[in-house]
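Subject: Structure handover

Hello,

Here is the structure I promised you. Please open it beside this email and follow along.

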Amino acid sequence: MAKTTIASIQAREILDSRGNPTIRTTVVLESEAEGSASVPSGASTGTHEALELRDGDPSRYLGRGVLKAIANVRNVIARELTGFDALRQEDIDKRLIHLDGTPTKANLGANAILSVSMAVAEAAARATRTPLYEYLFPRDSYLLPTPMVNILNGGSHADNNMDIQEFMVVPAGIPLLSEAIRGAAEVFHHLKKNLKARGLNTSVGDEGGFAPNLKSNEEALDLIMESIQDAGYSPGKEIFLALDVAASEFYSEDNDYVFKKSDGSKKDTSEMISFYKSLIDKYPIVSIEDGFAEDDWESWKTVTESFGRRIQLVGDDLFVTNQTRLQKGIDEGIGNSILIKLNQIGTLTETIETVNHAQDSGYSTVISHRSGETEDSFIADLSVALNAGQIKTGSMSRSERIAKYNRLLAIESKLGSRGKYAGMQAYESFSL
């Protein structure tokens, strides 16, 4: 135990990909092995997520400083965990939850708690000289995740007129992860060329996808389809499409969905379902995330009854990596997939438990980044460790996104024949 005993825990303020402060924590063990972890931040955050503790001091970072969270790591958490065995991840996470004492981790902050939880795992993996994915879950073989690559940004992730937040390419029909990543990158570059040819903006949004003003959602999808073909791939055979609608962002008090960034039109549940049906009938869409608002359970149930056997319906704001909300979905037949974000729940153990529960209940799992990211590649290892099958980590630009793809490429190389690319296996239960 001596070499894996926690000797010290330190935290500091760093900047995320939007230039906002976030927390980075380093755990040092008696063996001098150390692990560090940085916590991302979302733009379109669900109201049921664990609390991200911010200072609220307008004289620093427009009130977004995280010095309170850092003080909680240094003065509260470090005192509690110093001398504890880093190999006891579950016990450590239980102590962190108990130390905070609130359902949303509002006292210490989910960002403070998660930074320690992740850093402990990193330190333990290094102390045992084990790759993080293998330390988290030793297996004889691993499933490498199918990437969902956000190449056009809208919604809260871009200053354009697109209401849908993410238009993604999914290279599920390509046999190797490295080739799938190459395919997505080539489509990304052809999309840039096609946007330029039309005189459209090629600046990128928060997650590295292009953020032009377009006439309609269909125009966005048509541009992507054209770019897939220009890159030499077959839409619906090698490369598919996925959407993150983030509908909570334009849900009105009148229970309508108002396309306020584009044409101002309003749609009720049946009109939204007709809208989605028109898209999945016309385009090779394998997945729609957050097609309805986070508490619009009735509409979620209706859309699941309509399309749940046909495509993947992912709950992000709906489930917020929370087993209680997920269980409601399971009990009521709502959705068939869950997006997994570590900072929505606040500890590594709770995240793993939610993934396991979803998989045991027949729900697919998608490990995800946040729009405000860092270069930390923890989620790449996590997606492999848990055989999640899918990962969302942004576009083929911006180094905080590329860091995760590069880590996956390194894992693929390290695993060799022990790693299999999920590819279409991620969607085998759907009648695409």
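Helix α3 gives three residues to the lining of the second largest pocket, the largest share. This is a predicted model: local features need pLDDT of at least 70, side-chain atom pairs count only at pLDDT 80 or more, and totals for chains, interfaces and linings use all residues. Residues are numbered from 1 along each chain as its sequence is written, and side-chain values use heavy atoms, with hydrogens and water left out.

**Terms for the spaces**

Rolling a probe the size of a water molecule over the atoms shows where empty space is left. The search runs on a 1 Å grid over the protein atoms alone. A cavity is a set of points where a 1.4 Å probe fits but cannot get out. A pocket is an open set with protein on both sides within 12 Å along at least five of seven lines. Lining residues have an atom within 4 Å of a point. Grid points are joined across faces, edges and corners, and a volume is the space filled by probe spheres set on the points. Helices (H or I, at least four residues) and strands (E, at least two) are DSSP runs, numbered from the N terminus.

**Second largest pocket**

This pocket holds about 270 Å³ of space. It is lined by 15 residues. Glu122, Arg126, Leu132, Ser377 and Asp381 lie nearest its centre. β3, α3 and α12 (378–385) each give two or more residues to this lining. The lining of the second largest pocket has four nonpolar, four polar and seven charged residues. Here Ala, Val, Leu, Ile, Met, Phe, Trp, Tyr, Cys and Pro count as nonpolar, Asp, Glu, Lys and Arg as charged, and the others, Gly among them, as polar.

**Largest cavity**

The structure holds three cavities of 30 Å³ or more. The largest cavity has a volume of about 120 Å³. Its lining has 16 residues, with Pro40, Met118, Leu342, Glu373 and Ile379 nearest the centre. Helices α3, α10 (342–345) and α12 each supply at least two residues of that lining. By class, the lining of the largest cavity has six nonpolar, five polar and five charged residues.

Strands of a sheet pair through backbone hydrogen bonds, either parallel or antiparallel. Two strands count as paired if DSSP finds at least two bridges between them. Three strands form an open sheet in the order β1-β2-β3, with antiparallel pairing. β1 (6–15) and β3 (34–38) stand at the edges with a single partner strand each, so one side of each is left without a neighbour in the sheet. Neighbouring strands of this sheet are turned by 15 degrees against each other on average, direction ignored. Five bridges join β2 (residues 21–29) to β3. In one of them, Arg24 has Ser38 in β3 as its bridge partner.

Helix α3 (residues 110–127) lies across β1, β2 and β3 and runs at about 35 degrees to β2. Contact means heavy atoms within 4.5 Å. Axes are lines fitted to C-alpha atoms, for helices over the stretch in contact, and angles run from 0 to 180 degrees between N-to-C directions.

A closed barrel of eight strands runs β5-β6-β7-β10-β11-β12-β13-β14, with mixed pairing. Its neighbouring strands are turned by 25 degrees against each other on average, direction ignored. β13 and β14 pair in the parallel sense over four bridges. Ser368 has Lys392 in β14 as its bridge partner. Ile367 is partnered by Ile391 in β14. Three bridges join β5 (residues 146–153) to β14, also running parallel. Met148 stands opposite Lys392 in β14.

What is the volume of the largest pocket? It is about 360 Å³. The largest pocket is lined by 18 residues, with Tyr363, Ser364, Gln425, Ala426 and Ser429 nearest its centre. β13 (364–368) and β14 (389–392) each supply at least two residues of this lining. The lining of the largest pocket divides into five nonpolar, eleven polar and two charged residues.

**Salt bridges**

Side chains of opposite charge can pair when their charged atoms come close. A salt bridge is a side-chain nitrogen of Lys or Arg within 4 Å of a carboxyl oxygen of Asp or Glu. The structure holds 25 salt bridges. One of them joins Arg18 and Asp206, with the closest N and O atoms 3.1 Å apart. This pair links distant parts of the chain, 188 residues apart. Arg18 is in the loop between β1 and β2, and Asp206 is in the loop between α5 (177–197) and α6 (217–230).

Best wishes
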